[in-house]
There are 2 protein chains.
Amino acid sequence: LEPPQPDPDGAEARLIELLLSRRGAPPPWIRVDAGHDCAVTADGWALEVDTMVEGVHFDGRLSAADVGWKAVAAAVSDLGACGAEPVWLLLSLSVPDAPDRETWVAGLADGVGEACAELGVYLVGGDTTGVRPGGPRVISVSAGGRVVAAPVTRAGARAGDLLWVTGTLGLAGAGWMLDDPPPMALAALRRPRPPVPFALELARQGLATAAMDLSDGLRADLPRLCRASGVGAEIDPHALPADPWVAARADRLRLQVAGGEDYELLFASRADDEVRVRAAAAARGARVTPIGRVTDGRAVELRGASWPSAAFAHFGASA
Amino acid sequence: LEPPQPDPDGAEARLIELLLSRRGAPPPWIRVDAGHDCAVTADGWALEVDTMVEGVHFDGRLSAADVGWKAVAAAVSDLGACGAEPVWLLLSLSVPDAPDRETWVAGLADGVGEACAELGVYLVGGDTTGVRPGGPRVISVSAGGRVVAAPVTRAGARAGDLLWVTGTLGLAGAGWMLDDPPPMALAALRRPRPPVPFALELARQGLATAAMDLSDGLRADLPRLCRASGVGAEIDPHALPADPWVAARADRLRLQVAGGEDYELLFASRADDEVRVRAAAAARGARVTPIGRVTDGRAVELRGASWPSAAFAHFGASA
């Protein structure tokens, strides 16, 4: 009997499964099919799509420019996790007709432009459509990148591997989950900076046996990686890297595993590669922390603790 | 003084312009930048995104499977217009939580699968997100294709060129604009079949000086092609190819130029190439009709008629 596992996907996982269920056999030019952060073609293009819906993934805490930045960062984060250097973006925007429409779109374009310049990617095309008055703004970004070596997927983690995360966890989640978050939590929520140079270094050196970006929080994302790899995991909750403000809070664990929005990298490495992983992180200015181990079986456990509930509409309403 | 031109874009054109205004200089690997049916990279990938919003681009007249078919057909149509063979799709779906959600997504997947199989393209990845209850379903499809020769853009038409369309115009528009359309109009609205094999043949033979697909109707789309090429056009309204049922109607011209949804190909060729264009169409099972001429100046005119008003929310609310 396995211990209960967090399964925040539920209905949404079934929707993606349904959506992809009528695809037929993969063509010969597919190197990595759906089910990872990106699909990868035989000629080395990593491809992914990510969507942000107003009222589900963002609200008034984010300016239009923040939304633009974040949509680009989220797309680039997925490419990096697969070991692909970001190249192009396509952006589709649905906005209701309202007096502030042009101002809002101009703000979005500012954030998109800023993120593209800083993260090194080019917007090759865009599309805008209306929605009925009162309808939500929807921003969908597709992205393509060139893999720098063998693609990194969610599927290669093996029992005994170390599990790592970059950066710290919980600050952006605090910005999203708390009623009155401090400015630094809002800043983390608004302007995620995915560790793409480090992710590419891992890929170049073949150090990651599996990887994905942390957009929905460890509680939701780690089981996805484990399912794809056919393994379990044991995480040390005390090892999760935290900003001092997060570390001092009573709800620290909930913010760190259920808050999401970190856009840090979750990855596995062979235990033997610990020193090389640390060296790669030092070379690329990334902070890395080992947080646990890949295990046999399927259980995804927090050592000595149960997974805090997300108790938050974001995770019920999005995949 | 130029005659008044149809400008159904207005606010929406400004939104796309705003959206793309902060992009910085195009990188060296851009062969065709935004502003055409697709962008094209130096290594021959044509890229585009197209979005359908419930209540704006579709309603209960389309089943979930019809929406899936149409989303794929619209994406493939853009690729064909640029002379690119469809290869992959990414689909992003936003759906409100409702009791029929899984049934609807399964239906959508059926239509997507059917269209992918018939139109020769593979869905490499998908993403689903929630929207707040009552929110619209939004389907965004990005697509990539390989150009079969020099990319075809909207920008190469020259004064004296012939203007052509494939198929017939107006039937799908009748399905969308009329209160009680006949079954064949609804069928045309629900299941567009873009003439991709013919479009690729045009590209291979270098016969199209400019091309785009007709998704919003000649009244909206022809001025876009003319602006991109820096030319005008004179169309013979009596030459517009029509199904007999459309041809017999008093509102024929409105259905044919303002109805949209045809997903036929609008293209220009050198006048000398008329015979070769007709031969290419015969070889690929396409119907082609010359509908007018490219002119000097900027006027986009219907000979002896004024452009009928769309008078329809679809065109006010979408780009």
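Buried area is the accessible area (1.4 Å probe) that two parts lose on being put together, summed over both. In this predicted model, chain B and chain A bury about 5,600 Å² between them. Carbon and sulfur atoms give 64% of that area. On the chain B side, B:L19, B:Y122 and B:T128 lose the most area to chain A, together 13% of what that side buries.

The model is predicted: local features need pLDDT of at least 70, side-chain atom pairs count only at pLDDT 80 or more, and totals for chains, interfaces and linings use all residues. Side-chain values use heavy atoms, with hydrogens and water left out; residues are numbered from 1 along each chain as its sequence is written, while chains are lettered from A and ligands numbered from 1 in the order in which they are written.

Chain B superposes on chain A by a rotation of 180° with 0.0 Å of shift along the axis (RMSD 0.0 Å). This is the relation of a two-fold axis. Contact (heavy atoms within 4.5 Å) involves 67 residues from chain B and 67 residues from chain A. Of the interface residues of chain B, 100% are also interface residues in chain A, so the copies meet through the same surface.

Polar contacts are pairs of N or O atoms within 3.5 Å; within protein, one must be able to donate a hydrogen and the other to accept it, and residues adjacent in sequence count only if both atoms are side-chain atoms. Across the interface, 21 residue pairs are in polar contact, both at pLDDT 80 or more. Strand 5 of chain B gives the most to the side that touches chain A, with 10 residues.

Six salt bridges (a side-chain nitrogen of Lys or Arg within 4 Å of a carboxyl oxygen of Asp or Glu) join chain B and chain A. In one of them, B:R14 meets A:E102 at 2.8 Å, N to O.

Seven aromatic pairs occur over all chains. Rings of Phe, Tyr and Trp (its six-membered ring) pair if their centres lie within 6.5 Å; planes under 30 degrees apart count as stacked, over 60 as edge-to-face and the rest as tilted. A:W29 and B:Y122 pair edge-to-face, 6.1 Å centre to centre and 85° between the planes. This pair crosses between chains, from the loop between helix 1 and strand 1 of chain A to strand 5 of chain B.

Note on methods. Least-squares fit on C-alpha atoms with pLDDT ≥ 70 in both. Helix = DSSP H or I, 4+ residues; strand = E, 2+ residues; numbered from the N terminus.
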